[in-house]
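Work through the exercises below with the structure open. Each task is followed by a stepwise solution.

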Amino acid sequence: MEPFVARETTLASASSPRKKRRIDHTESAADGSPILTSISNIELNSTAPMSVEAVGNSSTNHEIDEDLHSRQLAVYGRETMRRLFASNVLISGIQGLGVEIAKNIILAGVKSVTLHDENVVELWDLSSNFVFTEEDVGKNRALASVHKLQELNNAVAVSALTGELTKEQLSGFQAVVFVDASFEKATEFDDYCHSHQPPIAFIKADVRGLFGSLFCDFGPRFTVLDVDGEEPHSGIIASVSNENPAFVSCVDDERLEFQDGDLVVFSEVEGMAELNDGKPRKVKNVKPYSFVLEEDTTSCGTYVKGGIVTQVKQPKVLNFKPLREAIRDPGEFLLSDFSKFDRPPLLHLAFQALDRFSSQAGRFPFAGSEEDAQKLVEIAVDINESLGDAKLEDVNSKLLRHLAFGSRAVLNPMAAMFGGIVGQEVVKACSGKFHPIFQFFYFDSLESLPKEPLDASEFRPQNSRYDAQISVFGSTLQKKLEDAKVFVVGAGALGCEFLKNLALMGVSCGVQGKLTVTDDDVIEKSNLSRQFLFRDWNIGQAKSTVAATAAAGINSRLKIDALQNRVGPETENVFDDSFWENLTVVVNALDNVTARLYVDSRCVYFQKPLLESGTLGAKCNTQMVIPHLTENYGASRDPPEKQAPMCTVHSFPHNIDHCLTWARSEFEGLLEKTPAEVNAYLSNPDEYMKAMRTAGDAQARDTLGRVVECLEKEKCNSFQDCITWARLRFEDYFVNRVKQLIFTFPEDANTSTGAPFWSAPKRFPRPLKFTSTDLSHTNFVMAAAILRAETFGIPTPEWAKTPTGLAEAVERVIVPNFEPREDAKIVTDEKATTLSTASVDDAAVINELIAKLERCRLSLQPEFRMKPIQFEKDDDTNYHMDMIAGLANMRARNYSVPEVDKLKAKFIAGRIIPAIATSTAMATGFVCLELYKVLDGAHKVEDYRNTFANLALPLFSIAEPVPPKVVKHQDQSWTVWDRWVIKGNPTLKELLKWLKEKGLNAYSISVGSCLLYNSMFPRHKERMDKRVVDLARDVAKVELPAYRRHLDVVVACEDDNDNDVDIPLVSVYYA
């Protein structure tokens, strides 16, 4: 494997000229207050000299670039993005935490970010600030940061202030964040922000070694517009009683997600029409499929059928207290780790004591200084004694000692974690989206410290960029970090954050260290809003290569190797046994379960620690997979997502998801699969026809029918032919098929049991009538025609994109009359997995279709091929989403289902995973705090932490991992982490004897799906003297690669009482 060489590469084109969907943002804040048009409008009233540097685009005419922000839009929505675009933010204190906060809100896309810091860069700062290099030492922190942070998003105006800040200068900001500010200074600024009209959101945040604190004050009356960010829940009504209070039951299609006290509105209710007035009504006694409505319906009409009930989300007003009051009366603390339920009040006291120490001594305690630690304890005791009834029983001098030792250090994992949390609080303050922290949040990760006591000499500065980290963990653990051999799987959003964190921590930066990162993907524009190591000029380049180059730029000592391989069974020649055996730890940064399970299986097999994490919008989770201590990732699975039955999607949709699922299926069938089948036939007609005859089933019949149709009556030779095809598709999908459906099942039809056929959740459809004055109709025809032309290699004329030209071409299309058939078969069985129905005539029909196909081929040019179109959701100019949204919305109109815009259609049909930078940063911070424990190597299972967090609520649930399941047999025990090894290239008899010595009677031995031995088969006894590896080669036809030194066999055993015993995998070493 060649070493990674950091070099700069460029693209001919920085980014593709994609069309943007423009959304002009407002010139005022949500409360109507004016917004600064540029950073230069901030009054600089300070008497001290101040430097101001501003770069970036401060234009007030921002627009939402949906290509760039699609994943973030899926979390926030347009209104929140508009509010962000109108917000100016100040961050004071640009150490590691400050720069992490700035990164996250710049990526989010506020209007401007002003960086303030009066101090200069020290070598000490390089362990937590990713924008600083050795060359920046001695420069002002804010000035050294501004240009590199500006690169993250040129739509945000990033500027620097370097002099003393005054209260009056805060008036132009919607939110201000103070990092490393004294309580005295913070109180002064917060008083001003709290009383300002309109109030300015004030946040104070600090990271002190393995301790962190956060305080929020968003003003005396702050309105939360959306408390959780979830879509309003809904249900389909089955019945409503005429009583007081009314009882409402819903169909058992999906469980109700309402809670007691929720407000709901009704629509489409037939009979009891009084409920359709749009008035919010309160529910109680909520069950999975029913609830009680706090309403008297005795005088209402009698419920007949239909109806949808939808949750109404209510805004919430929060009354924040200023810091001056909250410090004395903090209220309830936001708890993170339930094993430390008594910790927040103690940390509240500890941070006050640390602030007083700092103000008295003019500095923070020195690492390893017992004198300073004792002084801090004394201050804490004094403050505690003055608290009266709020006095704590124990000030925990051991915890205060750790706080004192690490108080000067800003650790990268803590900065990353708190940077994500604080960044999200800024977004909340600027937009009203999600519930803020109210008001204090404290966190510590003392479990990350080395288990063995450290001598004071361990903390001694070494004049290195890691001195801050050494002051907390000591030089011994720092050496372990530097010599670690780490495998990072994935270089997307999580991967970029991990590489930044690892570089700053010094992981794999020593002589023996090595970091391998792999990702088979390339950079797209939509990545740039989260994957912060990439720039627009990197679009089209390999993610792993660009990320590795950027990480090496953060720390030039990083020993990093970038690969472009997918990790899976097909690349075990690259990631072979020796590769896995030499690793210290594996860090997953993946976005799919299949890959996670494979990496998990490799880590279990080679007994390597795996640090797992994932995000979904504002949510994140982390899981520590530690050999012999915890269960593995694959030990527990989420239940599979519920899939709508095929008949529902194709004939009886009742929500927009069904319509979009159908639309994408039709898109792929028409434009990708059928053209690909045509090409497969034309490339090798004889083989293709033979395969179809051999299959001889309904699926082969239907596939041939589509190919014949494509090359015969639906073949396009001109763009007018494509318009004809598109117009007739409209008629087929949205008129004829609906007419057939309601002919077969009229509105008054009953099932075989006598129940109404069209009962909930089914919705009775109505055919559409095409009109060229309806833009949604003509836009569908235009998109479909353009894509059809692309498959046939027909250029699109300019007139086709004009309303007049398109309308004239559509008018020339002759639409044949349609008469429903009496013998039409429509699948209604919810368990059916295919719409193809077998027939005794299938073989004859296939032969007839093949004959037609041959006649079609003779009329084609020999070189004729179609161009299959693969769905690409992130190119707004390719008409893919135009066609899918058109298909879905016309179908929704058939069934009276609410339609969606193209952006929402893209989220659903494109299966876009909502993602934001804040939750990603937080997740990686949590994981890297665990990495200290892994590399120390002496921690127990109770020292590790798994995390689930939801920044929207906010919620933090941190708990110990689950230990692995233990299997016991006689005096032996094992877990999933154990693998039994037998060496010496044994024979089958020797293997059976070896197992017998363990009290196990093997009755079956297999490799893959092939049986090497079964005690029930007499002939297998002839194999006793053969070596196991030779049996695998001869019987199972196993090909053993040159790099492999052993063979894994699965053995089924029972004990002497004939009870089955589940034993570990057995590895037979033959070399």
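## Exercise 1: Packing of a helix

The buried residues of helix H8 pack against strand E6 (201–208), strand E7 (211–217), helix H6 (343–361), helix H7 (370–385) and helix H10 (467–482). The model is predicted.

**Task.** Which residues of helix H8 (residues 397–406) are buried?

**Solution.**
1. Apply the cut-off: buried means under 20% relative accessible area.
2. In H8, Leu-399, Leu-400 and Leu-403 are buried.
3. Ala-404, Phe-405 and Gly-406 are buried too.

## Exercise 2: An open sheet

**Task.** What is the strand order of the open sheet of 8 strands? Which strands are at the edges?

**Solution.**
1. The order reads E19-E18-E17-E20-E21-E22-E23-E24, and the pairing is mixed.
2. Strand E19 (560–563) and strand E24 (955–959) are the edge strands, as each pairs on one side only.
3. From one strand to the next, the twist averages 10°.
4. Strand E20 (residues 585–588) and strand E21 (residues 610–616) run parallel, joined by 2 bridges.
5. Within this pair, Val-586 stands opposite Leu-610 in E21.
6. Helix H12 (residues 543–554) packs on the sheet and touches strand E18 (514–518) and E19. The direction of H12 makes about 165° with that of E19.

## Exercise 3: A nonpolar patch

**Task.** Which residues make the nonpolar surface patch of about 220 Å²? Is Leu-953 buried, partly exposed or exposed?

**Solution.**
1. The patch is made by Phe-948, Leu-953 and Leu-955.
2. Leu-953 lies in the loop between strand E23 (946–950) and E24.
3. Leu-953 counts as partly exposed because its relative accessibility is 37%.

## Exercise 4: Backbone in the loops

**Task.** Where is the peptide bond to Pro-245 found, and what is its omega? Treat Gln-439 likewise.

**Solution.**
1. From Asn-244 to Pro-245 the peptide bond is cis, with omega near -5°.
2. Pro-245 sits in the loop between strand E9 (234–240) and strand E10 (246–250).
3. The bond from Phe-438 to Gln-439 is cis, with omega near -5°.
4. Gln-439 belongs to the loop between helix H9 (412–431) and strand E16 (440–444).

**Task.** Is Lys-1037 buried or exposed? Is Asp-1058 buried or exposed?

**Solution.**
1. Lys-1037, a residue other than glycine, has a positive phi near 55°. Its loop runs between helix H27 (1028–1034) and strand E30 (1046–1054).
2. Lys-1037 is exposed, because its relative accessible area is 62%.
3. Phi of Asp-1058 is positive, near 65°. Asp-1058 is in the loop between E30 and strand E31 (1060–1061).
4. Asp-1058 is exposed, because its relative accessible area is 56%.

Note on methods:
Residues are numbered from 1 along each chain as its sequence is written. This is a predicted model: local features need pLDDT of at least 70, side-chain atom pairs count only at pLDDT 80 or more; totals for chains, interfaces and linings use all residues. Side-chain values use heavy atoms; hydrogens and water are left out. Two strands pair if DSSP finds at least two bridges between them. Helices (H or I, at least four residues) and strands (E, at least two) are DSSP runs, numbered from the N terminus. Axes are lines fitted to C-alpha atoms, for helices over the stretch in contact, and angles run from 0 to 180 degrees between N-to-C directions. Contact means heavy atoms within 4.5 Å. Patches are made of residues with over 30% relative accessible area and no salt bridge: like charges are joined within 9 Å, nonpolar side chains (Val, Leu, Ile, Met, Phe, Trp, Tyr) within 5 Å. Accessible areas come from the Shrake-Rupley method with a 1.4 Å probe; for residues, only the protein chains shown count as cover. A salt bridge is a side-chain nitrogen of Lys or Arg within 4 Å of a carboxyl oxygen of Asp or Glu. Buried means under 20% relative accessible area, exposed over 50%, partly exposed in between (1.4 Å probe, protein chains only).
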